[in-house]
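Reader: I'd like to learn how to read a strand and its surroundings in a model. Could you walk me through one?

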Amino acid sequence: MTVHQQDRAGGRAQRHGGIRPRGRTPDRARDRAAGHRAAGHRPGGRAACRIRLALAAVAGLAGAVALTGCADSAFFDPGAPPSPEETISVVPRNGAHGVRADGRLEIRVPQGRLERVEVSRTGTAGRQRVAGRISPDGTVWRPDRGPLHLGATYTVDAMALDGRGHRSVRRTTFRTARPVHHLTGHFSPQSDATVGTGLIFSMVFNRPVADRAAVERAVTVTARPQVEVAGHWFGRRRLDFRPRDRWRPGTDITVRLRLRGVKAAPDVYGTQTRTVRYRVARDQISTIDAARHTMTVRRDGRIVAVLPVTAGDAENPTYNGRMVILERHSVTRMDGGTVGFGGEYDIADVPHAMRLTRSGTFLHGNYWARPEVFGGVNTSHGCVGLRDLRGGAPDTPAGWFFGRSIVGDTVVVLNSPERTVAPDNGLGGWNLPWEQWRAGSALR
């Protein structure tokens, strides 16, 4: 029934309610009504039915409109709270895999402010909290330090208020890539050692480094009192650090290794995060005159001893130049076969041995040579020998010097027919001028 039909039906209902229709008398109307009743019809029969159907149709249309209007209102309701994903943005995305160590970790709110952020890392060391802080304006959280740890799962729990005061909580997780190859740097001495003024901090890596600048940035060497310290690369596996001149006595040296996650080469990532500290002792320089067969020991600029020595012979002269004590051994074995001399010697119990070069130069006690050799003639295969007893004795020249020497002390050789020791042979970097040393840094 249309609205127009409904109006007509309503009009007939009004006329039946007392309005006198044209051409009919009230009696005839009553008679007609009675006839309908006699025939079994209910009062108002077809007209009432048509009215009810019309009203139902109108009501249904109104209901449909109302339902549509409610849906539109809810969808565009400015008071509805946004989803946590809209309120809190997390990078890397939730569920990400293979995130690089230099990937960005950030939690941000486009509007409103962060109330609380907790980030944890689960890896080989178990579950650990990741330190970070929310910015003063409350809009962003970042970690205190990077890069990300490789082969770890990160979990982010964040709570924030949006611009209209609605609180949202969001949890996300992501996983970092697993390194194919690890980069590790080996060095000595270990932390907390007392060292001489000639120490050069040297790291030898287990793999070639392609991005030397990235690795060098991750290793910092500082001193107190402050001095300039520069790095120098010898090839792609070794990185050394030294100041312009020898360290001042009493200096505290701090080495910070922040290599974890640093990409050194394709599929090669660093693994070390460590702080190493050294304390510089007194200044001791021992000068060997190979032509005079003597060693003059100076402590803080003052001569404390002049000792007779035997240096390398004419066929195997000792290197000239500045060297540094690398290792100290009360007793060690010296086998000529390990340094290219075949079976010329193999001494199992060399006393008071101090290594000067990686190629095998030592300053050590000698119990097998005649006493007149020391201070009189050079007889060794390139080492420098001091008189000693078998097993070593503290009151011999070798024992005395060994007891007063430490790793990092400087030894200088003069007047030998041999060339100057190479700067990468042991800690021979002091033989390079400062500008040449600095030029070997990857950060210049």
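Author: Strand 15, residues 229-234, is mostly covered, with five of its six residues buried. Strands are DSSP runs of E with at least two residues, and helices are runs of H or I with at least four, numbered from the N terminus. Buried means under 20% relative accessible area, exposed over 50%, and partly exposed in between, with a 1.4 Å probe and protein chains only. This is a predicted model, where local features need pLDDT of at least 70, side-chain atom pairs count only at pLDDT 80 or more, and totals for chains, interfaces and linings use all residues. Residues are numbered from 1 along each chain as its sequence is written, and side-chain values use heavy atoms, leaving out hydrogens and water.

Reader: Which strand is joined to strand 15, and by how many bridges?

Author: Two strands pair if DSSP finds at least two bridges between them. Here strand 16 (residues 238-243) runs antiparallel to strand 15, with six bridges joining them.

Reader: What about the nonpolar cores?

Author: In soluble globular proteins, nonpolar side chains tend to be buried together. A nonpolar core is a set of buried Ala, Val, Leu, Ile, Met, Phe, Trp, Tyr and Cys residues joined through side-chain atoms within 4.5 Å. The largest has 40 residues, of which Phe201, Met203, Phe205, Val215, Val255 and Tyr278 touch the most other members. Apart from it lies another core of 20 residues, including Leu307 and Phe401.

Reader: How many helices and strands does the protein have?

Author: Seven helices and 29 strands.
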